[in-house]
Amino acid sequence: MPLLDLWFDRAIDATTLDEIFAAPSSTDRVPAPAQRPEHTAVPSQGVTDLGPSAN
């Protein structure tokens, strides 16, 4: 995912595909990977009404 973000950022100003897909360099800003939802500080909301029971 960070590589896709890098390519997206480069694509904004690039004039050739080579500029987009060149190997990452030390001057590139590579975003940190996004956290998965279970690792965030927001508690998950449980489902409170499942409707009529199928039992």
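The structure is a predicted model, in which local features need pLDDT of at least 70 and side-chain atom pairs count only at pLDDT 80 or more, while totals for chains, interfaces and linings use all residues. Residues are numbered from 1 along each chain as its sequence is written, and side-chain values use heavy atoms, with hydrogens and water left out.

Let me begin with the chain as a whole. It contains two helices and zero strands; these are DSSP runs, numbered from the N terminus, where a helix (H or I) has at least four residues and a strand (E) at least two. Of its 55 residues, 7% count as buried, that is, under 20% relative accessible area with a 1.4 Å probe and protein chains only, whereas exposed means over 50% and partly exposed lies in between. The accessible surface comes to about 5200 Å², and 60% of this belongs to carbon and sulfur atoms; the areas come from the Shrake-Rupley method with a 1.4 Å probe, and for residues only the protein chains shown count as cover.

I turn to the aromatic rings. Rings of Phe, Tyr and Trp (its six-membered ring) pair if their centres lie within 6.5 Å; planes under 30 degrees apart are stacked, over 60 edge-to-face, and the rest tilted. The count by this rule is one aromatic pair. The ring centres of tryptophan 7 and phenylalanine 21 are 4.9 Å apart and their planes stand at 80°, so the pair is edge-to-face. It links distant parts of the chain, 14 residues apart: tryptophan 7 lies in helix α1 (residues 2-13) and phenylalanine 21 in helix α2 (residues 17-21). Tryptophan 7 is partly exposed at 25% relative accessible area, and phenylalanine 21 is partly exposed at 47%.

Next, arginine 10, also in helix α1. This residue is buried, with a relative accessible area of 15%. Beyond neighbours within four places in sequence, its contacts (heavy atoms within 4.5 Å) include Phe21, Ala23 and Pro24.

Finally, proline 24 sits in the segment after α2. Not counting residues up to four places away in sequence, proline 24 touches Leu3, Leu6 and Arg10.
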